[in-house]
Amino acid sequence: MPRPLRAAIIGLGAAVPEKVLTNADFEKFLDTSDEWITQRTGIRERRIASEDQSTGTLGTIAAKNALADAKLTPQDIELIIVATVTPDMTMPSTACCIQNDLGAKDVPAFDIGAACSGFVYALSVAGKFIETGTYKRVLVIATETLSKFSDYTDRGSCVLFGDGAGAVVLEGTEDTDRGLLYSVLHADGNGWDFIHVPAGGSRSPASLETVGNREHYIKMRGRDVYKFAVEKMQWLLGDCMEKCSLTVDDIDMVVPHQVNSRIIQSAARKFNFPQEKVFVNIDIYGNTSAASIPLAMQQARDEGRIGPGSTLMLVAFGAGLTWAGAIVKL
Ligand code: ACO
């Protein structure tokens with residue numbers, strides 16, 4: 001049998017918690033304002049997981065939705081990859097928790113930790129397994145509950161984050177004009193402290209002192225992250241178009257990591273992307289890290305802005321530091 005050459009997206013699904021936290025809600029307990037948050041970030045509200053929801057439970061719902069969209073069952077899947085920086089536990093992997101919840105018995109499952117670039121990293125890794133003929137169908141899930149790692153006394157970071165999950169089912173195809181056409185991955189560990197959670201790992205195990213110092217929450221150097229995100233988003237847009245010999249006219253939709261609407265718009269303007277070709281939904285979900293791209297893809301499809309045959313450019317950047325891009329034809 002000829003080997004599949006491309007990994008095509010045959011199913012897409014998402015899940016968000018019901019609870020909405022608006023900017024006005026923050027005004028009640030933080031020295032901030034709806035005006036400040038909206039102007040600086042474009043965020044108006046975000047979804048927040050309940051006590052009994054976790055990264056794994058949200059990811060499982062997104063995965064089930066993607067499987068239903070592909071008209072497949074968990075038994076049809078040969079590999080599960082989960083992108084997250086907010087795992088259910090340090091061990092086992094959240095991928096194993098989701099595998100169990102799905103009933104995908106014996107299916108290999110592992111996590112990828114590339115923060116906001118996680119979905120594109122996972123897509124690229126899944127693509128390699130398919131392109132080499134190792135597996136025919138791979139489930140990629142990006143899921144986060146950043147609210148559980150956010151310090152709600154730190155106005156510089158907590159207002160940015162929201163919870164959610166998205167998933168895609170990839171299947172090998174011999175159609176070389178479809179699927180994951182290109183991906184590029186990068187990292188620069190020199191910027192590890194731009195966004196990090198200082199304690200709870202082996203460098204600084206959990207103790208009463210680390211908890212007292214609020215070191216299990218996300219610490220962020222906002223200005224530095226802003227500059228990094230602007231630079232890398234522009235670089236990724238240029239790289240993906242150049243390597244695939246595409247122009248702005250060839251791209252139906254740029255689906256960027258939802259980092260900050262100012263960053264997204266300024267990078268898109270540099271390449272003369274019309275506004276309608278750049279999908280932004282940070283206003284209703286905030287920054288959901290790895291989940292933001294598949295969540296945006298789901299909404300773009302629901303609104304009829306992308307569909308079969310659409311060429312998408314995915315661009316992401318996040319803690320690590322990491323950055324990654326991909327060209328996908330649906
Ligand atoms: N409400 C009101 N004032 C605030 C808030 C807030 N929520 N947060 C910070 N401020 C204040 C600061 O204290 C500061 O006050 P000062 O001048 O009196 O000292 C002032 O606003 C300006 O602070 P800056 O940090 O310089 O504000 P900036 O314009 O850079 O905006 C922001 C901050 C929104 C965090 C921006 O830097 C940003 O979007 N950075 C990207 C960070 C990000 O998205 N990280 C996500 C995780 S990583 C990723 O997804 C890539």
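Which residues are closest to the ligand? They are T32, R40, H257, N260 and N287, out of 24 residues that surround the ligand; a residue counts as near a molecule if one of its heavy atoms lies within 4 Å of it. The model is predicted, so local features need pLDDT of at least 70 and side-chain atom pairs count only at pLDDT 80 or more, while totals for chains, interfaces and linings use all residues. Residues are numbered from 1 along each chain as its sequence is written, and side-chain values use heavy atoms, with hydrogens and water left out.

The protein is divided into domain 1 (6-176) and domain 2 (180-329), with bounds that come from an automatic or database domain assignment. Taken over C-alpha atoms, the centres of domain 1 and domain 2 are 14 Å apart. Between them, 55 residues of domain 1 are in contact with 44 residues of domain 2, where contact means heavy atoms within 4.5 Å. The ligand lies between the two domains because both domain 1 and domain 2 give residues to the shell around it.

In R155, a side-chain N or O atom is 2.8 Å from an oxygen atom of the ligand. H257 has a polar side-chain atom 2.8 Å from a ligand oxygen, and for an N or O atom in the side chain of N260 the distance to a ligand oxygen is 2.7 Å. Of the 1000 Å² of accessible area that the ligand has on its own, the protein covers 75%; accessible areas come from the Shrake-Rupley method with a 1.4 Å probe, and for residues only the protein chains shown count as cover. The elements that give two or more residues to the shell around the ligand are α2 (34-41), α7 (222-243) and β12 (311-318). Here helices (H or I, at least four residues) and strands (E, at least two) are DSSP runs, numbered from the N terminus. Helix α7 supplies the largest share of the shell, four residues. By class, the shell holds eleven nonpolar, eight polar and five charged residues; Ala, Val, Leu, Ile, Met, Phe, Trp, Tyr, Cys and Pro count as nonpolar, Asp, Glu, Lys and Arg as charged, and the others, Gly among them, as polar.

S124 is buried, with a relative accessible area of 5%; buried means under 20% relative accessible area, exposed over 50%, and partly exposed in between (1.4 Å probe, protein chains only). Not counting residues up to four places away in sequence, S124 touches L180, S183 and L185. With S183 there is also a polar contact between side chains, at 2.9 Å. A polar contact is a pair of N or O atoms within 3.5 Å; within protein, one must be able to donate a hydrogen and the other to accept it, and residues adjacent in sequence count only if both atoms are side-chain atoms.

Next come two loop residues. S54 lies in the loop between β3 (45-47) and α3 (55-70). Its side chain reaches the backbone nitrogen of G56 at 3.2 Å and makes a polar contact with the side chain of D88, also listed at 3.2 Å. Leaving out residues up to four places away in sequence, S54 touches D88 and T145. T86 is found in the loop between β4 (79-83) and α4 (94-102) and is buried, with a relative accessible area of 2%. The side chains of T86 and E144 are joined by a polar contact of 2.6 Å. Beyond its neighbours within four places in sequence, T86 is in contact with T55, T143, E144, T145, L146 and F149.

V16 sits in the loop between β1 (6-15) and β2 (20-22). Its relative accessibility is 26%, so V16 counts as partly exposed. Apart from neighbours within four places in sequence, V16 is in contact with R47, L58, D163, G164, Y285 and L295. One of these, L295, is among the buried residues of α10. Helix α10 (residues 292-302) is largely enclosed by the rest of the structure, because nine of its eleven residues are buried. Just after α10, G304 takes a positive phi of about 75°.
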